[in-house]
Amino acid sequence: LLNRSTLGATDAVLFLSGPLGRGWSASLLGGGHSQTRQDVDGDGWADVAAYMRGVVRPRLFWDGGDGRSAFVTAGLTHENREGGTMDGATLPGTGESYVEALDTRRYDVGATAQAIWKERYVVTARGALAWQRHTHAFGATRERDAHDTAFAELAVRGASGRHTWVAGAAYERDHYTPRDVPRFAYRYDVPGLFLQDDIDLAPWLSVSASGRVDQHSEYGTFV
């Protein structure tokens with residue numbers, strides 16, 4: 001895919017996919033994107049910020065053909081974005097040029113898997129990690145931060161008579177580290193347990209009951 005807009009945006013995107021053999025397959029998405037600064041109303045301020053961005057996302061699939069399967073993906077995004085006053089323009093109040101900019105670096109990985117246990121139960125696992133780094137510029141002021149998140153879940157699903165149930169455990173983490181304004185830093189860890197039961201009362205009627213307990217590292221227990 002190639003794209004060009006009248007506002008100065010350019011996009012080039014490539015997608016590939018295909019089998020690898022023995023139940024394996026893969027895909028790859030890659031993109032390059034750019035934008036020039038645009039002052040639509042002619043007041044010396046960029047109404048559309050300039051940016052350069054690159055994106056890569058490979059994915060890997062596996063199907064065992066017997067209820068077992070797996071999926072893994074990873075991603076990388078690099079972007080430099082700049083707005084503010086146009087070249088040669090200044091702010092009316094200060095007579096100086098002013099830059100607003102944001103550089104982003106993001107990396108992530110995620111996976112899911114499923115298997116049959118004792119020919120009766122379906123076991124699923126999934127997880128994801130993401131790392132994001134920012135560098136903000138507000139004129140001469142620079143603010144840098146790091147934002148990391150994580151998620152994991154393990155669940156078992158089964159059926160007995162009229163009951164179809166799911167039980168499992170999960171964990172979430174949210175970690176924010178602002179290097180230049182450290183008073184806003186935080187880290188939250190949240191493990192949890194959950195249970196759900198779907199009950200068939202009649203061919204046309206079923207009811208569901210569920211419960212979950214989460215232990216938040218900052219705000220306590222939620223039920």
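Select Tyr 176 to begin: this residue is partly exposed, with a relative accessible area of 21%. Here, buried means under 20% relative accessible area, exposed means over 50%, and partly exposed lies in between, with a 1.4 Å probe and protein chains only. The model is a predicted one, in which local features need pLDDT of at least 70 and side-chain atom pairs count only at pLDDT 80 or more, while totals for chains, interfaces and linings use all residues. Residues are numbered from 1 along each chain as its sequence is written, and side-chain values use heavy atoms, with hydrogens and water left out.

Tyr 176 and Tyr 186 form a tilted aromatic pair, with 5.6 Å centre to centre and 35 degrees between the planes. Tyr 176 lies in strand E9 and Tyr 186 in strand E10 (residues 186–202), so the pair ties together parts that are ten residues apart in sequence. Rings of Phe, Tyr and Trp (its six-membered ring) pair if their centres lie within 6.5 Å; planes under 30 degrees apart count as stacked, over 60 as edge-to-face and the rest as tilted. Strands (E, at least two residues) are DSSP runs numbered from the N terminus, as are helices (H or I, at least four residues).

The structure holds eight aromatic pairs. One of them is formed by Tyr 121 and Trp 165, and it is tilted, with 5.8 Å centre to centre and 50 degrees between the planes. This pair links distant parts of the chain, 44 residues apart: Tyr 121 is in strand E7 (residues 121–138) and Trp 165 in strand E9 (residues 163–178). Tyr 121 is buried, with a relative accessible area of 18%, whereas Trp 165 is partly exposed, with 24%.

**A buried loop residue**

Next, select Thr 85 in the loop between strand E5 (69–84) and strand E6 (99–117). Thr 85 is buried, with a relative accessible area of 5%. Leaving aside neighbours within four places in sequence, Thr 85 is in contact (heavy atoms within 4.5 Å) with Arg 37, Gly 44, Trp 45, Thr 90, Leu 91, Ser 97 and Tyr 98.

**Positive phi angles**

Most residues other than glycine have a negative phi. Select Arg 22, in the loop between strand E2 (9–21) and strand E3 (24–35); its phi is near 55 degrees, a positive value. Arg 22 counts as exposed, at 83% relative accessibility. Move on to Lys 118, in the loop between E6 and E7. Phi of Lys 118 is also positive, near 55 degrees, and Lys 118 is exposed, with a relative accessible area of 58%.

**The largest pocket**

Finally, select Ala 49, Arg 81, Gly 83, Glu 100 and Ala 101, which lie nearest the centre of the largest pocket among its 13 lining residues. A pocket is an open set of points on a 1 Å grid over the protein atoms alone, where a 1.4 Å probe fits, with protein on both sides within 12 Å along at least five of seven lines; lining residues have an atom within 4 Å of a point. Strands E5, E6 and E7 each supply at least two residues of this lining, and E5 gives the largest share, four residues.
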